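Work through the exercises below with the sequence and the coordinates at hand. Each task is followed by its solution.

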Amino acid sequence: MVVGIGVGMSIGSSHAQGTVICNMTGAGLMACKPSVTPPNPTRPTTACCTALSHADLECFCKYKNSKLLPSLGIDPKLAMQLPDKCKLPHPANC
């Protein structure tokens, strides 16, 4: 799930706004970035959770073991915790 977040953030905020990854907009990706970035991740905002609720979480699962996320400063473990923190179901085979 987080790889999609990382890809959107690597594009830059002006370009990320038009990006859609796994049904999550660039604005949604940017809203979640503080929650998946160490060393002091924040609690996910309402904007992040709302965006995540419309995302294709199974699509994001493809990225959970990607080396791309850590290279973008995103902790995959933190990213995989977002659905729980937002009270959303995890995809079955993720």
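**Exercise 1.** Determine what share of the contacts between residues at least 6 apart in sequence joins residues at least 24 apart.

Solution. The model is a predicted one. Take the contacts in the protein chain between residues at least 6 apart in sequence; 68% of them link residues at least 24 apart.

**Exercise 2.** State how many helices and strands the protein chain has, and give their pattern along the sequence.

Solution. Step one is the count: the chain holds 7 helices and 2 strands. Step two is the order, which reads α-α-β-β-α-α-α-α-α.

**Exercise 3.** Find which residues of helix α4 are buried, where they fall around the axis, and what covers them.

Solution. Helix α4 spans residues 46–53, and its buried residues are Cys 48, Cys 49, Ala 51 and Leu 52. Viewed down the axis of α4, these buried residues lie within an arc of 160°, so they line one face of the helix. Their cover includes β2 (24–25), α3 (26–36), α5 (57–61) and α7 (76–85).

**Exercise 4.** Locate Pro 39 and decide: is Pro 39 buried or exposed?

Solution. Pro 39 sits in the loop between α3 and α4. Exposed means over 50% relative accessible area. Pro 39 has 73% relative accessibility, so it counts as exposed. Its C-alpha atom is 9.2 Å from that of Asp 75, a residue 36 positions away along the chain.

Key. Residues are numbered from 1 along each chain as its sequence is written. This is a predicted model: local features need pLDDT of at least 70, side-chain atom pairs count only at pLDDT 80 or more; totals for chains, interfaces and linings use all residues. Side-chain values use heavy atoms; hydrogens and water are left out. Buried means under 20% relative accessible area, exposed over 50%, partly exposed in between (1.4 Å probe, protein chains only). Helices (H or I, at least four residues) and strands (E, at least two) are DSSP runs, numbered from the N terminus. The arc is that of the directions from the helix axis to the C-beta atoms. Contact means heavy atoms within 4.5 Å.
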